[in-house]
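Biologist: Hello! Could you walk me through this structure, one question at a time?

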Amino acid sequence: MNGELSGGKNGIVYERVDPPQMTAYLSARKPLPMNFSTADIVFSFLMLLCGFFYWNFIQIVSLGLGVTLFTAVLCTATIVYFHAAGIRQSRESLAFLGVIILSAANFTLFDGIPVKAFNFIFLSGCFVYWICLTAGTRLDHKISPYILNDMLRQLFVIPFANFACCLSGVKQVFMKNKKGKGLLSGFLGVLLFLPVLILVSTLLINADAAFESLVNRLQISVSEYVLEYFRDIFLGVPVACYLYGLIYGNRYRRGFGGITLESVDVRMRAFRFAPDAMVYAALTALNLIYLTFFLAQAGYLFSAFQDSLPQSMTYAEYARRGFFELCAVAAINLAVIAAVHLIAKRDRVKILKGETAALCLFTIALIATAMSKMAMYIDYYGLTRLRVYASWFMVMLLLLFVIILVRQFRSFQGTRIAAAGCICLFLALTYGNVDGMIAKYNTDRYQAGTLESLDPDVMSELSDAAVPYLYDLYQETSEVELKNDIREVIMQRPVWEYNQTGYQNSFRDFNLQTYKADTIRSKI
C-alpha cells in the first residue's frame, strides 16, 4: 500500500494513506490505541485554549472580528498539527481553505446579523469538510453524492467517537507522578463544581450584607470578568473535546469503522424495493397534474411577463402568492426526485430520466414566472431584505434544477458543479452588502422619482451597512419629516451595543461597516 510514514510513540508507526487507497485501507484498519505523541499532547492543550476562545471571542449577538480571530487561530493550529504529522495540503483542500478565509473575513468587513448567522453555520460546515479533505479521509476522492455520508460522519461520528481523546492527552502530562495527579484532580473538581460555587456565592451575597460588602471589596483587586472567564473555560471544554476528536480522529483514522464505497452502495441498493411500474405511474400522474395546473392558470401565472396584474389582487398579494407556490412545488419536486431515485429499482432508466426531466421543466417554468413576479413587485415597491433573500433563493433553486435536468441527458459531475455553484452564490450573498444595496437602490430611486416613498420601517430594519447611503440622502433632502426619519434610523445603535450602563462594545464585536457608521453618527 502506497503512502507516507509519520512518527508515533512507543515504536508505533502511523501510516498516512493516499486518498485512492483510502477505501481498502479503512475497511482493513482496526481502531488504533490512544498512544499520544508530543505533538498530540501539545495539540490537546491548544484545543483547550481554542475551546476558551470559542466562547470568549465569538459574540453570538454581533458576530464580528472575534469570529475571524477564532477561525485564524483554529486553522493555524490545525495546519501546524497536520504538518507535524506529515500531512500536507492538497490543491482541493487549499481551495476549501480559501473559502474558509473568505467566509471568516466577512465577519470583520460587513454588518447584518441575518446573513452573518447563516455564514457562521456555513463556516462551521466548511471547516469540518476541510479537515476531511486535508486528512484524505473522504469515501470518494472527488466531490460526489457520497459527500452527504462524509459530512454526517465528520459532524457526528468521528468527533464523538474520539470525544475523550483531548482530556486523555492532557491527562498524560499530569499522570507521571502523584503531585501531578493531585493537581489535575483538584483542578477538575473545582471546574466541575464551579456552577455550584457560583450559585452558593450568589445566594450568600443576597442573604448577608456583610458578605456582600466583603465580595465588593474583593472585586477591587479582582477583574470583573473573572466569572466570565471561568464560564468560558467551563463551556470551552466540550468544544475542545469535539474539535480535538474531529481533528485527531481524522489524523489517525480512529472511529471510521469499516465503512467503504462498496458498503455504502450495498446499503443504498437495499432501498431500491419499489417496482418500476408503480414509481413511473405515480410520476406520470404527478406530471399530468402539473401540466393541467399550468394550462388552467396560464394567464394568471404568466401575467407577470407582460407586467399586468390579475383583477382584485395587489402587487404584494400577487408576488407573495407566487413565491409560496414556488417553495411548495420546489420542495415537493425535490423530495419526489430524491425519493424516486432512492427507491426505484431502475430496470428502465430511460423512463425514469424522462419523468425526472418533466418535473424539472415544470419547476423551472414556475421559478421563471415567480422571478418575474418578484421583479415586478420590486419595481413598484423597492427592495427589502425578504425580497432580496427570496430572489437569491430562487436563483439557487434554478441552478439546482437546471443541473438535475441536464444530468438526465448527459453524464457529468453534477454534485461537484452544484456544490461549487451554491458556494459561489452564498459567498456572493455575504459579500453583496445586502443592506447597503437595499438602502442605495431605494434612496436612488426615491431621488429619481421612480419610488413614491421610503418606508421608515424598512429602513429601520437595516444594519449599519445602510448608514452611508442614508446619510447621503439626509444631507441632500429638504423634506423635514423625511430628514427626521432618516436621522432617527441612523442614530439607532445595534442591540448588542446596549446594556444598563450605556453603549459599549469590544474588539470581538468590531466590523468595518459599524465603524464607518459610528463615524457618521459622531458628525450628526
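This is a predicted model: local features need pLDDT of at least 70, side-chain atom pairs count only at pLDDT 80 or more; totals for chains, interfaces and linings use all residues.

Biologist: Is aspartate 435 buried or exposed?

Modeller: Buried means under 20% relative accessible area, exposed over 50%, and partly exposed in between (1.4 Å probe, protein chains only). Aspartate 435 has 4% relative accessibility, so aspartate 435 counts as buried.

Biologist: Which parts does the pair of arginine 385 and aspartate 435 tie together?

Modeller: Their side chains meet in a salt bridge at 2.7 Å, N to O; the rule asks for a side-chain nitrogen of Lys or Arg within 4 Å of a carboxyl oxygen of Asp or Glu. Helices here are DSSP runs (H or I, at least four residues), numbered from the N terminus. Because arginine 385 lies in α16 (residues 385-407) and aspartate 435 in α18 (residues 434-448), the pair ties together parts 50 residues apart in sequence: helix α16 and helix α18.

Biologist: How far apart along helix α18 are aspartate 444 and lysine 440, in helical turns?

Modeller: The side chains of these two residues also form a salt bridge, at 2.9 Å, N to O. Aspartate 444 and lysine 440 are four residues apart in helix α18, so their separation is about one helical turn.

Biologist: How many salt bridges does the rule count?

Modeller: One of the bridges joins arginine 231 and aspartate 232. By this rule, the count of salt bridges is eight.

Technical notes
Residues are numbered from 1 along each chain as its sequence is written. Side-chain values use heavy atoms; hydrogens and water are left out. Helices (H or I, at least four residues) and strands (E, at least two) are DSSP runs, numbered from the N terminus.
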